[in-house]
Amino acid sequence: MWPFKPAYLSNNQNRRRRAVAKIHDQRKLLEIAENKFCATDTRVWAVEAIDGQVALVRLAKHASRAEVAAAAAIRVQKPADREAVAKDSTHPEAAAAAIERIDSDDALVRLAKSAKTGKARTAAAGRVQGESALCALLGQASDEQVRSIALSRIRSQETLCEFALSRNSAQECLPVLRYITDTGAKARVLRDTLYVAVAQEIAGYIDDQELLAEIALTAGQRANAEAAARRLTDEMFIADVVIGSKFGQLRNELIQRLRNEKLLFELVFALDDQSLACAACGRVKDAGMAETIITRHSDTKVRCAAAPNIKDQATLAALAAPGVPMELRAAAITALSDEGALQAVYRQATERELRVLALEKITDDAFLAGVFQAETEPALRMRAIRGVRSQRMLRDAYAGVKDPYLRMSLIRIIDDDDILRAYALEHLTDPEVDGIMKRIGNKDKRQEVALARDAYRKMCKAAGFEAGTFFTDVRRLLFARMAE
């Protein structure tokens, strides 16, 4: 301890101030500034009297009190020293004081990227003026708050647009988009960006339908065109994109969005792509328009696409008549619902495919049973009998059939327990016997089949044969064994 108390340690503030004012020795002033036992205001007064830049820099960086460090930072004169203080000081107040006196954008960018404290970095970012420096900071700074400040200070829409388009990832671009307010800049980003997420995001900021349609037509990448097209709500512009776009999948998606049948009708004749014309045609539900397409369009597939929307049965019957292209006849038959017309088509047609199509639509049991009896071609007979719903007619048909394939096909649709039991007992080798047995409603008859099946399998196992390999007349053999 001192033998006496120095005046600058006095409890009286005025006395301390006068004491410091009388000291001219730079070393002594530095000693007071660094003395943690001195009052803070006394240390600040000492700093204000120090002229040595080295001492001031040291105090600004390492003083134990923030007020002292800030006072020293204010008195630092050299730009390089100010930058060093701003970068290395542990006191944000000192760093901020130094930054307030730095005008070089390059120095401020360096500080915004590397200063020790977050406050110093954000303070430096807030003083950067040049847009090129702000862009450099935006692209290089690791501190998210610093990047946000830099982004908010860029005013040029062109600069923001260039920055968004020059980034190496969508994550770098996305934060920039909400600051782009100029419609032209938004359109450029949407048209030229390489990132799907960016295209989808920036498209959400554009409402101009004409501009969106233009971008959808001129964008080089499908993702950009799709992002623009999906924002379209005006069907006239949607139709323009359908006609002019080079992306087939996008065109088809847009056709599915159209509701205006007049526009769809016009597209059917305007589109040079057959699949797209068919897609548009399929959405024209107006029967009159559909008939016009059938009458006037030159492409058979497009005419076929219109057939399901024609309601007039006479028109469809005429289209199904001989002399019309085969494909169109098939579409017309598929669309027909009149029983008489379908039966007439069946009688007129000579092509097996068309006759099968007609049989699939005919529901009259008597007619179908008649076809089954009269036809000789198995495919037509089978198609006819599958449409019969009357069990009596099915039983009659089964009784007159000798062909094993037809008998098996009939068994699959007959519900008569006696027929099912008899067939199962005659065909115990058939892998479908279990399924047939389950369809027998009468418990005793079902059990009879089950016993015969199990006995047959045991017999084959005992004889060393695989079930179903030998014995053509299994039922006779089983009954002989049972008699023994």
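Arg392 is partly exposed, with a relative accessible area of 46%, where partly exposed covers the range between buried (under 20% relative accessible area) and exposed (over 50%), computed with a 1.4 Å probe on protein chains only. This is a predicted model, in which local features need pLDDT of at least 70 and side-chain atom pairs count only at pLDDT 80 or more, while totals for chains, interfaces and linings use all residues. Residues are numbered from 1 along each chain as its sequence is written, and side-chain values use heavy atoms, with hydrogens and water left out.

**View 1. Asp396 and Arg392 are joined by a salt bridge.** The N to O distance is 3.5 Å, and a salt bridge is defined as a side-chain nitrogen of Lys or Arg within 4 Å of a carboxyl oxygen of Asp or Glu. Both residues belong to helix H30 (residues 391-399), 4 residues apart, about one turn of the helix, helices being DSSP runs of H or I with at least four residues, numbered from the N terminus. Asp396 is also partly exposed, at 46%.

**View 2. Asp415 pairs with Arg439 in a salt bridge.** The N to O distance here is 3.8 Å. Asp415 lies in the loop between helix H31 (404-411) and helix H32 (417-426) and Arg439 in helix H33 (residues 433-439), so the pair ties together parts that are 24 residues apart in sequence. Asp415 is exposed, with a relative accessible area of 52%, whereas Arg439 is partly exposed, at 33%.

**View 3. Arg222, Glu226, Arg230 and Glu253 are linked in a network of salt bridges.** A search of the whole structure finds 29 salt bridges.

How values were computed:
Helices (H or I, at least four residues) and strands (E, at least two) are DSSP runs, numbered from the N terminus.
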